[in-house]
Amino acid sequence: MTITEKLSSGITIVELCGTIDASTAPELQRHQAISDPTRTIVIDLARLDFLDSSGLGAIIGAARRKEESGANMLLSCMNQKVRRVFDITGTVRLFHIFDETAAAVDYATTLRKSQ
C-alpha cells in the first residue's frame with residue numbers, strides 16, 4: 001500500500017493505492033493525517049485495489065475517533081470492488097461518500113465552517 005497526501009482548500013486529501021489488509025492496516029492506522037483525531041480529511045480510494053475486514057476496521061476506527069473530536073473523514077472515488085465491501089458490511093451508511101474528490105473537499109470545507 002502507498003499513502004500520499006496533498007492539500008486542497010485547507011483539507012488534507014489522503015490517497016490510498018494498492019491493498020489494505022491485515023499486513024498493511026497498521027501502517028494506515030499510524031499515518032499522521034489518519035491517526036490525528038482533530039484533522040478533517042478526505043480519503044481518495046480511486047487507486048485502492050483491495051480492502052479486507054482489517055482495512056475496513058482501520059478506516060472505521062479512525063473515522064470514529066475523528067467524529068468524537070469533532071472532525072470528519074469523507075471518502076471519495078470508490079471503485080466497484082471497494083464499494084462492494086462497504087455495501088455488504090453495511091458500513092456505507094457510516095460515511096459521506098463522493099464520486100469525485102473535489103466534491104468531497106467542497107463538502108468538508110462546508111462542514112469545517114459550520115463547526
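Helices (H or I, at least four residues) and strands (E, at least two) are DSSP runs, numbered from the N terminus. The structure is a predicted model, in which local features require pLDDT of at least 70 and side-chain atom pairs count only at pLDDT 80 or more, whereas totals for chains, interfaces and linings use all residues. Residues are numbered from 1 along each chain as its sequence is written, and side-chain values use heavy atoms, with hydrogens and water left out.

Ser9 is placed in the loop between β1 (2-8) and β2. Its phi is near 55°, a positive value in a residue other than glycine.

Helix α3 (residues 53-68) comprises 16 residues and reaches 22 Å from its first C-alpha to its last, close to the 22 Å expected at 1.5 Å a residue; the expected span is 1.5 Å times one less than the number of residues. At the N-terminal end, α3 is capped by Asp52, a side-chain oxygen of which lies 2.9 Å from the backbone nitrogen of Ser54. After α3 comes Gly70, with a positive phi near 90°.

The buried residues of α3 (buried denotes under 20% relative accessible area) are Gly55, Leu56, Ala58, Ile59, Ile60, Gly61, Ala62, Ala63 and Lys66. The elements that cover these buried residues include β2 (11-20), α1 (25-30), α2 (32-35), β3 (41-51), β4 (73-76) and α4 (80-89).

Definitions and conventions. Buried < 20%, exposed > 50% of the residue type's maximum accessible area, 1.4 Å probe, protein only. Contact = heavy atoms within 4.5 Å. Polar contact = N/O pair within 3.5 Å; in protein donor to acceptor, adjacent residues only side chain to side chain.
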